[in-house]
Amino acid sequence: MVVKILMIIHHIQQIGVNKLLSKIPVDLKNVSEDDIDKEILRAGIIAELDAVNLYEQMAALTKNENVREVLLDIAKEEKTHVGEFQALLLRFDAQQKEELEAGAEEVEEELSK
Ligand SMILES: [Fe+2]
């Protein structure tokens, strides 16, 4: 678990939080010890979703097929990273797990009208 968290922090640092399109909404230095892992994981999800948007936007911009192919492959990998952070977050945050399911059900209900 500790190794995984360190990997996550390393990854966030690699991405460079200041370069993200959206801002991480909290200063992680001011988060209580009880909440730090959840907040790190949420920040990780934000960073990965930003990366997906960035790579897909760049893929749409390039005229080079090889560049586009690699960017879209990397965008796909970032979606896996979203899933990794989310899977771990759901272990820490039972309410998020419930509400994620509630949200999916609400969409199903809404679209089946
Ligand atoms: Fe990633």
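Good morning. Of the 113 residues of this chain, 14% count as buried, where buried means that 20 or more other C-beta atoms, placed from the backbone, lie within 10 Å of the residue's own. The model is a predicted one: local features need pLDDT of at least 70, side-chain atom pairs count only at pLDDT 80 or more, and totals for chains, interfaces and linings use all residues. Residues are numbered from 1 along each chain as its sequence is written.

Let me turn to the architecture. The chain has 4 helices and 0 strands, and along the sequence the pattern reads α-α-α-α. Helices here are DSSP runs of H or I with at least four residues, strands are E runs of at least two, and both are numbered from the N terminus.

I now consider two of these helices. α2 has 26 residues and reaches 37 Å from its first C-alpha to its last, close to the 38 Å expected; the expected span is 1.5 Å times one less than the number of residues. α3, with 28 residues, reaches 41 Å, close to an expected 40 Å.

Which residues of α3 are buried? They are L71, E78, F85, L88 and L89. In α2, the buried residues include R42, G44 and E48.

Finally, the core. The largest nonpolar core has 11 residues, among them I40, I46, Y55, L71 and F85; such a core is a set of buried Ala, Val, Leu, Ile, Met, Phe, Trp, Tyr and Cys residues joined through C-beta atoms within 7 Å. α2 (36-61) and α3 (65-92) are the elements that give two or more residues to this core, and α2 gives the most, with 7 residues.

Conventions: A residue is buried if 20 or more other C-beta atoms lie within 10 Å of its own, exposed if 12 or fewer, and partly exposed in between; C-beta atoms are placed from the backbone.
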